[in-house]
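Subject: Structure handover

Hello,

Here is the structure I promised to pass on. Please open it first, then read my notes below.

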Amino acid sequence: MLREISHVQQVPSDYFRRWFADENLDLIVWHKPDQTIHGFQLCYDRSWRHRALTWTEDRGYSHDKIDDGEESPLANRSPMLTPAGPFEATAVLSRFRTSARYVPVRTRIFVRQKIREYEGKKGLRTWGYPILGFSLGFIAGIGSFVSYAMLS
C-alpha cells in the first residue's frame, strides 16, 4: 500500500511535493499554491526495470527508465531518466489501483485519469529528448540488435 512519507524535503522556489511509496511504487505529486496538481511522477517496477511516468502541466508526458547510475561500485553517479519505450498502462493502472488506497481521493482520480489519457496517446513521447523523429519501435529495434550482438 502506498503510504505518505512524512517530512519530504521541499525544494525552495519549486512546487510543494508530496511523496507516497510502497515496495513497488513511488508517487511524487507537485502541488501549486492553490493546492491543484501541477504534476506527478509515478515510478514502478522498482526491483526489476525501474521506470517512471511523469506528467506536468507545462511539459505534458514522459515515460522513462531510471538508470540508477550505479553500474560500478567505484563510482557514485546520479540517477538519470532515459527513454523507456512502450508504457504498459493496463498493468501499471492495475497496480496503482491496488496500492493507492491511502492516497487522497482527488489525487488518485487525477493520476488514474492521466494514465488512461497517456494510454490513449499510444505512448508517444511529448518532451524530454531532441530525437522525437525516431519511432519507439526503431529505438527498441536497436536495443534488441545490441542485446543480440552482445549475446553472440
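The structure holds six salt bridges (a side-chain nitrogen of Lys or Arg within 4 Å of a carboxyl oxygen of Asp or Glu). This is a predicted model, where local features need pLDDT of at least 70 and side-chain atom pairs pLDDT 80 or more, while totals for chains, interfaces and linings use all residues. Numbering runs from 1 along each chain as its sequence is written, and side-chain values use heavy atoms, without hydrogens and water.

(Strands are DSSP runs of E, at least two residues; helices are runs of H or I, at least four; both are numbered from the N terminus.)

Another joins glutamate 88 and arginine 51, at 4.0 Å between the closest N and O atoms. Glutamate 88 lies in the loop between β7 and α1 (89-99), and arginine 51 is in strand β5, 37 residues away. Arginine 51 is buried, at 3% relative accessible area. Glutamate 88 is partly exposed, at 37%. (Buried is under 20%, exposed over 50%, partly exposed in between, with a 1.4 Å probe and protein chains only.)

About one helical turn separates them, because they are three residues apart in helix α2. Shared partners also join Asp45, Arg51, Glu88 and Arg95 into one salt-bridge network.

Best wishes
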